Structure formats: structure tokens, C-alpha cells
Amino acid sequence: MHYNEQYHTKIRFDFIKHQKKFFGASLILVILGIVSLLVFHMNLGVDFKAGTHMDIEVGAPITKEQAADALGKLGYSDIELTLGGASNQRVSVRFDEVLEQAKVSEITKSFKTQYGDQVSEEVNVVSPDMAQELGVKTIYAIIIASIAIMIYVMIRFEWRFALAANIAILYDAFVVIALFSIFRLEVNLPFIAAVLTTIGYSINDKIVIFDRIRENLRFSKQKNKEQLAELVNASLWQTMARNIYTVLTVLIVAVSLYLFGSESIKLFALAKIIGLASGAYSSVCIASPLWLILRGDKQKPGKTAKAPVAS
Amino acid sequence: MKGSSRLIAFLGIIVIMAGVFAWTTPGLVKDIRLGLDLKGGFEVLYEASPLEGGEKVTPSSLKETSKSLEKRIDAQGIAEPEITTEGSNRIRIKLAGVENEDQVRDMLKKPVNLTFRDPDGNVVLNGTDFVQNGAGLQRDEFGNPIITIKLKDAKKFEDVTTKLTGKTMSIYLDETLLSSPMVNYPISGGTAQISGSYTSEEATNLKDTINLGALPLKLTEKYTQSVGAKLGQQSLHQTVEAGLIGSGIILVLLIALFRIPGVVAGITVVSYVWLLLLVFKLMNATLTLPGIAAFVLGVGMAVDANIIMYERIKEEIRSGKSLLSSLKAGSKNSLRTIMDANITNIIASVVLYVIGNGAIRGFALTMIFSILVSILTNIFFSRFLIHLLIRSNLFKKPSYYGVKEAEIRAL
């Protein structure tokens, strides 16, 4: 930790000096993610992999055996089921086939006979062609959203900033996808919403930091490599409080949605939490060092500092 | 304006706002339309295909089918059905608060059944006896509309009309009587005219119905979501509660970190929530479960705009500027960053809206509304309030803004 007189900033940690560790750690995560995606794929929910999903709120604690037994009686054996809710009151079941409405009501009726009329359920049935269509649309959506945001950042900054920021936001989106694959968490449409909004939100921290770097560049003439590293560190620390606070506020609501929200919103909230955390990390530890590497130690005329600045 | 009068203006605004919010919020909350994932109900996406192969689904036959579905649903007394056609061959139906889902879905899936019956109720002709798209509209010499029909089998029609001469032949869609024209004489040649005291609209409807009956569409369920009423209510309560807890923590944190500006931020966040509820009501938008999530995330992001500005103001104070010029520099310098945040989020939300289906569209739409509302409350309104406070000259100490005296540098 030292105090930089030129930028009036306490530099509590030298992010640039340790950049290799961050790059290394992130690279390992990316590789793990790729391996997991190749070997295990995503755990696709019914939205993307046709079939039937039932969430049955039983209203009383239930065990896996009891639930499997109830389904077994109706001829559904070897069915993937999970328990959820505050005290295991909710059964989530996935059927690979598209169940007819009659069969669905047969299942709910059998639970109602056994556990009473308070049984309430949510059922999603998706046909194979709809699932495929949605998958294709999703891929387009992520590509379109990323390109649109990239164009926006390119208009706002010169290409090195834009490139560094975009690598970092794609990394954030990938971290969410990778962790969902590694931990076998189910991917449905709300997950896509979480990934897309992660892309939209995570870019902000990068913009704030880069704006500050650009502002500091304008006021300092000398730009050898050490001085640039010091400048980036100072910019990071000048914007640190703001970045932490803003991520914290959104994180607080995401965490309370995860802890207290309804069952069907939990995975969405978790995806948001991962995306927010990764976004905060990648702004400081990935995007900024990456910009420094892209810039090299070439002497650059005042082009980078033409625009007014904000933070 | 003198300092004290600014403070009075500030307090006056707060008191009036608090009154308006307290007075109107219960009504607003009650009036907001909830999606079926919050109050129970079901959504079905049908793909329509011709029942007998051959002819394609046309935009008009799709529209007719969705109209006939609406009639069936209305006949069941189900409130506020949402029926929309999508693309070239899809119909999406959303029904909330349905008790007998199984029966309703069975009924919806049945192809339209057009029948012509004799006075005793026996079916003498049905939709398939008519030439596809053979029904047309003409006018007689007095300008009254006449429906012309074409039949596939001229002989059969002649037999039927011979038998029914002097009697009525009633036209039914499912079990609904549409019209009961009189057969005046046996009709040969396979074409006929139905005249009567129809209005143009009635005649057009009847013509369309006969054409639809001649080519009924088969509906296949491609996607269904069905939510039990209890489960929906539970989702609503839990998620709203989660939102309130999260927002409460944020309010406390804001005041702890930013002091006076934190209080202002709290006020603007509350007005953000109120205004967003108002927008929902005015646009008659439907709040879905992901929509509530967006609403709650929106609270976190609305605060963002305040924090960016306050941090910047704090920095300007530390650099030794006066409070007023810190405020001016801080507001000016932070505006661009705040707009960046909002624009990139709008980009992502619009893309999401375009690809999404029901509930996710609800999320995307809520995001877009929430960003626009938060620009109003957390940029402009927030600035206005903080200007009033700082210019009141009552809160001069840097500690009111979360800055320690020791941190301030001489210019």
C-alpha cells in the first residue's frame, strides 16, 4: 500500500503487478468451463430440451422416496426429481416426454388424494420444435446484444478500451454459463434473461474505470510502462468505492431474491449473483490490465483524451 | 430564494409526496394486472394446421380461428382472456383463474364445428360440404348484403333443400346458433344465396365463419404453462417480501454511507417504486414473476445512479472545492456515466423483449420501464432535491456528505 501524490490516491493493492495471477485464475475457470460444457453440456430445462416440467407444492414435508413412490404408482419410474422449498415441501419433476394434459392431471390428482387439496402445481410442457426454436433464438439474442453493446462502447471509446471491455463482459457471461454447467444447475429461459442483463450491467463498471483512466491520461504527460501501470492502479482505486457500492446494492437485492424469493426465481437470482460478482471482478482484474497490455508502452499522442470525462 | 425557504420547499415536497404515496399506493397495487404465474391460470401456444391436409393456413383463417376460440372462452364466462396470433400459424391463449383447466383445454383444442340443421335439430350439412373459401359477399338491388355459398356436392344440396322447402335451415357454430334462414324452394346447381336483414358486419362474420367451417384448423399444443392459484399467490408473496427486504437493507446502507445525500436517495428510490407502479397501471401492463424480479433489481440499479453522483461529489469535496461547486462538478461529470449504464441496459432488455415469450417479455418490459422511470426519479428528481438541500446552507459540514475533514486537500 502506498499513497500516490500525483493522483491523490491511496493504492492499497497493485492490481497490475498481480495481473498474471488473475489472468491465470480466470483462464483456469474458462478451461474448466469449456471442459465441463464439452463433457457434461448444460443441464437444459424443458424450455430448451422438450418435455414436461412439474413443480408440485405439496404443502407438507415430503421425502424423495415418497414422491418417487407416488410417481411410480402411475408408471413413471426412474424419474429425475428434486426437492425444494423451506422444508422440502416442493417436488420438481422432469419428464423427457411431452405429457398429455390428461396424464398431467392424473399426477396432480394422485398427489391431491394423498396430501390434500392444498397441493398446487406449476406445469410447463414444451414440444421439441418449440425448444429448438427457442435455443436458436437465444443464441441470436446473445450475439445481437453483445454486438450492439460492443458498437456502443466503440462509439464511446477508442478500440483498445472497447476490445478490453468486451472481452471482459463476454468472460462474465461465460462464467455464469460455465458455473451452471459445472454445478449442473438447470438452464431455462429466465437464465437467459440473467445472462443478457449481466452483459448489459457488467459493462458499466468497465466504462466507469475506463472513463477515469482516460481522464487521468489527459492530465499526465509521461507514459512509460511503469507510469501507465501506476495510472491504471490509481484509476482503479479512485473508482473502487463507487464500483463496490453499486455492485453491492444490486447484489443485495439479488441475494434477497435468492434467499427469500419464490422457488422458481431462485436460479435466476443465482445467475444474477454470479454475473454481478464476476462483473465486479473482471472490471478490475481483467479489463483494466488487458487494456494496458493492448496499449503496450508506445508513446501515444493525445487521441485517447479527446472526450470529456465522467466517473 | 433564501436558505430557509429552500428547506421549507424541500420539506413541503417530501410531506406532499409522502401523503400522495400513502393515499394512492394501496389502490395502485390492487389495480395492477398480475400475470398468470402469479394468480394461477394457464397459457397455451397452439400451432394451427389444416385438418384435412392440402390447403395452407391463411392469415384470415388463423384470425377466424382465434375469434372462434374467443367466442368459446367467452361462453365459459372466463374473464379477461388474452388471445393473440403469432407468426403465420400460431395462436397464444392466456387464461387466468380457471378452475376446470382440463375441460377448457379440451374444448379449445376441438376444431370448429360448423353445421346446418333442420328444424328438428338434425345435422343436414356440415363444414366439409362447402367449397373452401367458396363463401362470398354480394349486395342485392337494395344494397342489402347477401351471402353466397358454394357446395361441393350439388345433388346432396338439392336433396336437402327439397326436403326443407318452406322450413328453416339453422346455421350453428359449435352449439351457438348463428342464423336461421328460410329455404324458399329446392336449390340446384350447388350455389345458393342467403339473404336476410343482416347488417354488413353480421353478413361478413357469417361468410367468414362458413369459410372457416369449410376448412377447420387443427390446433396442436406446442407450449403450455399452467400454474396453480395457490402456488402463484405464494410466489407473489415470497418475491414481493424478498424485494421489500432487499430494498430495506439498501435504504439503511444508503443513509449509513452517504448521510444527507443518502436520505435523498432513499426518497428518490421510494418515488421510483411508486412511479413504476403508476406506469404499470396506466399502461395496463401485466406484472409477471420475472417482472417482479426486474422491479426489485431495478431498485438496486436506480440507487446506482445516485451512488455514481454522490461518490463523484464526495471526490470533488475532498479535492477542496466548495460544497456548491462540488455539487455542480459532481452532477455534471457523473451524468454521462449514468446514461451509459442506462443505455447498455436498455439495449440488452430490448433484445430480450424481442426474443422472449410471455413471462420473459414481462421481465424485459419491466426492465425497460424501470430504467426510464429511474432516469426521471434518480437523476433529475434526485438532483433537484439535493440542490435544494445544499443551497439551503444548513448542511455545510463535509461529514453530512460522508467526507472526513482530514481527507480534504487544499486547492
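**Strands between the chains**

Reply: Start with one pair: A:Val123 stands opposite B:Ser226 in E12(B). This is a predicted model: local features need pLDDT of at least 70, side-chain atom pairs need pLDDT 80 or more, and totals for chains, interfaces and linings use all residues. Residues are numbered from 1 along each chain as its sequence is written, chains are lettered from A and ligands numbered from 1 in the order written, and side-chain values use heavy atoms, without hydrogens and water.

Me: Why are strand E7 of chain A and E12(B) said to pair?

Reply: Two strands pair if DSSP finds at least two bridges between them. Strand E7 (residues 120-126) of chain A and E12(B) have 5 bridges, in the antiparallel sense. So the pair passes the test.

Me: What makes something a strand or a helix here?

Reply: Both are DSSP runs, numbered from the N terminus. A helix is H or I over at least four residues; a strand is E over at least two.

**The interface**

Me: How do you know that chain B and chain A are in contact?

Reply: Contact means heavy atoms within 4.5 Å. By that rule, 63 residues of chain B are in contact with 73 residues of chain A.

Me: What does "bury" mean for chain B and chain A, and how many Å² is it?

Reply: Buried area is the accessible area (1.4 Å probe) that two parts lose on being put together, summed over both. Here that comes to about 5,800 Å², 61% of it on carbon and sulfur atoms. In chain B, the residues that lose the most area to chain A are B:Leu231, B:Arg336 and B:Ile355, together 11% of what that side buries.

Me: Why is the contact between A:Arg212 and B:Glu315 called a salt bridge?

Reply: The rule asks for a side-chain nitrogen of Lys or Arg within 4 Å of a carboxyl oxygen of Asp or Glu. For A:Arg212 and B:Glu315, N to O is 2.8 Å, so the pair qualifies. Across the interface of chain B and chain A the rule finds 6 salt bridges.

Me: What makes a polar contact, and how many residue pairs across the interface have one?

Reply: It takes a pair of N or O atoms within 3.5 Å. Within protein, one must be able to donate a hydrogen and the other to accept it; residues adjacent in sequence count only if both atoms are side-chain atoms. Across the interface, 25 residue pairs meet the rule, both at pLDDT 80 or more. The elements giving two or more residues to chain B's side include strand E2 (41-50), strand E12 (217-227) and helix H7 (229-282) of chain B. H7(B) gives the largest share, 16 residues.

Me: How do the residues on that side of chain B divide?

Reply: They are 31 nonpolar, 17 polar and 15 charged. Nonpolar means Ala, Val, Leu, Ile, Met, Phe, Trp, Tyr, Cys and Pro; charged means Asp, Glu, Lys and Arg; the others, Gly among them, are polar.

**Within one chain**

Me: What makes A:Glu186 and A:Arg94 a salt bridge?

Reply: Their closest N and O atoms are 3.3 Å apart. The pair links distant parts of the chain: A:Glu186 is in strand E8 and A:Arg94 in strand E6 of chain A, 92 residues apart. Over all chains, the structure holds 28 salt bridges.

Me: What joins E3(B) to E4(B)?

Reply: 5 bridges do, and the strands run antiparallel. B:Ile83 has B:Ile93 as its bridge partner. The two strands form a hairpin with 3 residues between them, and B:Gly87 in the turn has a positive phi of about 60°.
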